[in-house]
Amino acid sequence: MKVQKTSLQTETAGREVLSESLIEGRLPLPAEKADIDRILFIQGRAHVGAEPTDGRIFMDGSVVFSVVYISNNGDIEAFDASSPFRHSEEMPGAGPGMNVLAKGNVRDIEYSADDSRTVYVKGIVSISLRGAMPRSIETVVNDGQPDLQVKVARQPLAVTRDLKRDTLTLREDVRIPQSMPMAVRILFSDAYPVIRSVHAEDTKIIVEGELKITSLYISEDRGAPLQQLNETVPFGQIIPSDNIDPNDAIVADANLMDFTLSTVEDAGDILRLNARVNLVCGMRAMQDAEFMEDAYSLSNRLNVSYADQSCRQLRQWGNVRTSARSNITIPATQPGVSRVVCFKATPVILAARPGDGRVYLEGLIMFTMCYTSPDGMYSHSGEVPFEAETLLDGITASDEIEAAADVESAICEGTGRDLSVKLMMDVALRAYIEVGVHLVTDIKDTEEPNVRKSGITIYFADGGESTWDIAKRYATTPDNIKKFNPEIGDSTVPGQKVLIF
């Protein structure tokens, strides 16, 4: 028996892979900067590029370290220095053609001043790798052989029909609120992008989102020289695409590549923003795949080969806001807090449990704070646990959830050693399901005739069988069974009597 085969096109999403890379180096102080007396804190911002190969992801990136310190003349100063890194990580199913998104953050930073002009720094770059791989599933098709009985199944399978990449360039002036003093110079700044909506119109994809920025600056107020600013800058981008179908679901990701924030000469209430954001938009469609699930012959016995294929597919996604609370205790080895000047936090999600329309989160807040005390300016870093709940329509309790979060703003209140923290977070949620297909991959004719009983056979069903199963056992057709058993449907009940002619 000659069989014809075809391929079903779909894709499978790999589970998120978390990778860590150690980065260390010596950061030289720029020549124009005053010598270091004491380091207040160091923050890092990671940029990561990823390239898939067979079963592995190769990463190439850099970390920009921002060092805030007290100089030997008593002023608060800062400088930036970058350090490159390379890393690789195993990722099951990775290969050429995989669409990979890599995002990194820097944590567990340790530092010391080698001398007044050089800072030794060591930290861990935590990288989230997420990828989707096109997949081809081979199955047999019925070529019209008269004796061949075929059971056909249908299953919606997701496929990314097209992928569009674009770079958004932002040049904006950010105005400092009137309630805050004007800026003299920027010490430290950071940002992250959030996609709020994406939709298609005619031959274009419209992406709308926000860039959330935080900045620590020296103000003109000598009584409170250090100020922290949190602001939101909206953005929009139109991406041309002549391959849009009205039924496509658009999925979008954003990744910050470059970011600077600087003061404007003779305008202390204005900060100038320059940023580049990479946008990736996938046009996804659900295709109704038809495939052969089972087969047998009325005349000869067949050797039928089967395969169970499983694809992990994205079912729902979105970016939502939520709040969380926690508490911080300043260790006895440091002076107590008079006033919190700045608070920089990075959330690490340890567990995401789905419910109907919501996700329960548990994690850690990795923080660095700078504060004043009666003994001067100090900093403190650590981690505290948090719990939060997010809402997203369409989430079900059976989904598999991947979640990532950024802190939009943090309010740290209290004095002395016991402080309370309230966080407002942006959480990116993705819900996945496993889609399985059971299909015929090959058919071989043994050329051995089926043994068929003559006359009438009375068969009592066990209830776990379908009419197809019974017909296959007795080398007849489901229609023939239904013809002589009008009360039977596609399934049976325990003890049901079936007449087979």
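Select R301 to begin: at 49% relative accessibility this residue counts as partly exposed, a class lying between buried (under 20% relative accessible area) and exposed (over 50%), computed with a 1.4 Å probe on protein chains only. The model is predicted, so local features need pLDDT of at least 70 and side-chain atom pairs count only at pLDDT 80 or more, whereas totals for chains, interfaces and linings use all residues. Residues are numbered from 1 along each chain as its sequence is written, and side-chain values use heavy atoms, leaving out hydrogens and water.

R301 and E448 form a salt bridge, with the closest N and O atoms 3.5 Å apart; the term denotes a side-chain nitrogen of Lys or Arg within 4 Å of a carboxyl oxygen of Asp or Glu. The pair links distant parts of the chain, 147 residues apart: R301 is in strand β14 (residues 300–329) and E448 in strand β19 (residues 418–449). Strands are DSSP runs (E, at least two residues), numbered from the N terminus.

Now move to R312, which is buried at 2%, and to E402, buried at 9%. Their salt bridge has its closest N and O atoms 3.1 Å apart. Because R312 lies in strand β14 and E402 in strand β18 (residues 400–413), the pair ties together parts 90 residues apart in sequence.

Then select R196, E210, K212, R321, E408 and D426, which salt bridges with shared partners join into one network. Within this selection, E210 and K212 form a salt bridge at 3.6 Å between the closest N and O atoms. E210 is partly exposed at 22%, whereas K212 is buried at 3%.

The structure holds 40 salt bridges.

Notes: Helix = DSSP H or I, 4+ residues; strand = E, 2+ residues; numbered from the N terminus.
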